[in-house]
Amino acid sequence: MRTWLTERFGIEVPVVGAPMAGVGAGRLAAAVSAAGALGMIGVPSAATAEWIAEQAAIAGGDGRPYGIGLMAWALDGDPARLDAVLDARPSLVSVSFGPYAGHVERLRRAGITVVTQAGTTDEARAAERAGVDAVVARGAEAGGHGRDDVATLPLLQSVLDEVRIPVLAAGGVATARGLAAVLAAGAAGAWVGTAFMGCAETTLPDAATGRVLAAGETDTAYGRVFDVAQRLAWPPEYGGRALRNAFFDRWAGREEELASDEEARAELEAARRSGDYDTAYVYAGQAVGMVRRRRTAAEVVAGFAEAERLLRRFAP
């Protein structure tokens, strides 16, 4: 399974462990990379430069390639975060969701491969013009934040036809079958988050992991409820896909009212502290129904490696 992704980073399995803020820190990134894929650290919007440096040291401790994922909208408030990333010199940086273009050249000058996530073909074209090394075609099935406009398969086909840079596929890829499918379509690899959410190396509390393992494929919902409740400055076009719960159902469609409801804000914050996931959120994609048991990152990556056998079935 040789692709641009495996050749660029010297990895064996064309999978990137997507940067999941609040789920994937240095330990998960290191474990994914050690298993032969490319692990990434998800940087929360409130993370400090010191936190980034600490987690980067863990992720890169054995000298293997790893990446860091940044939210473009959160960078302007604290330039020290980008400085910390540059100091860490990861192999890959993704900058997505907001005005990212101004950061691309600075990262590339430091010898760092730069990607961004695109939820439409227009966004992918803009990414190529901005000078990124590759683009992530992120479909609506994906967990966490992004657009809800186009599903992964039609988006991937369109983006592959429209850009010349390598394309990674994100959204709904959770097994070797999914990886084989996107590779057969022409992707350079898969950008995978939800499949790693049951791993022992995440930072998820046990109660949240239990929710993930119990969830089915129809148990997610997309919207801005949790962002509005927390007063986060996410651009409105980028909602989030999370496990559906009572808090989401109560406030979906009432976001304008929620934006000024301080009791609801306090309720969500208290639930996050206490681990009450009927109120607190767990971001996950539609592939969550295939995450059924606790595994290590190495086991998940080994499962993806079976895509090679599937692809050989169709080789001449």
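**A pocket and some helix contacts**

A: Let's begin with the second largest pocket, which has a volume of about 180 Å³ (the space filled by probe spheres set on grid points joined across faces, edges and corners). A pocket here is an open set of points on a 1 Å grid over the protein atoms alone, where a 1.4 Å probe fits, with protein on both sides within 12 Å along at least five of seven lines; lining residues have an atom within 4 Å of a point. This is a predicted model, where local features need pLDDT of at least 70, side-chain atom pairs count only at pLDDT 80 or more, and totals for chains, interfaces and linings use all residues. Residues are numbered from 1 along each chain as its sequence is written, and side-chain values use heavy atoms, leaving out hydrogens and water.

Around the second largest pocket you will find Ala-174, Thr-175, Ala-176, Met-290, Arg-292, Arg-293, Arg-295, Val-300, Gly-303 and Phe-304. Helix α15 (residues 297–305) contributes the most to this lining, with three residues (helices are DSSP runs of H or I, at least four residues, numbered from the N terminus). Sorted by class, the lining holds five nonpolar, two polar and three charged residues (Ala, Val, Leu, Ile, Met, Phe, Trp, Tyr, Cys and Pro are nonpolar, Asp, Glu, Lys and Arg charged, and the others, Gly among them, polar).

Now for some helix pairs. The axes of α2 (residues 26–34) and α3 (residues 49–59) come within 7 Å and cross at roughly 25 degrees (axes are lines fitted to C-alpha atoms over the stretch in contact, with angles from 0 to 180 degrees between N-to-C directions). So α2 is roughly parallel to α3 (angles under 35 degrees). Gly-26, Arg-27, Ala-29 and Ala-30 of α2 touch Gln-55, Ile-58 and Ala-59 of α3 (heavy atoms within 4.5 Å). These contact residues comprise four nonpolar, two polar and one charged.

α3 also packs against α5 (residues 80–88), at an angle of about 20 degrees and with the axes 8 Å apart, so α3 is roughly parallel to α5. Here Ala-49, Ile-52 and Ala-56 of α3 meet Ala-80, Arg-81, Ala-84, Val-85 and Ala-88 of α5. That contact has seven nonpolar residues, no polar ones and one charged.

Lastly, the axes of α7 (residues 121–130) and α8 (residues 152–162) come within 9 Å and cross at roughly 35 degrees. Thr-121, Ala-124, Arg-125 and Glu-128 of α7 meet Leu-155, Ser-158, Val-159 and Glu-162 of α8.

Definitions and conventions:
Helix = DSSP H or I, 4+ residues; strand = E, 2+ residues; numbered from the N terminus. Parallel < 35°, antiparallel > 145°, perpendicular 65-115°, else oblique.
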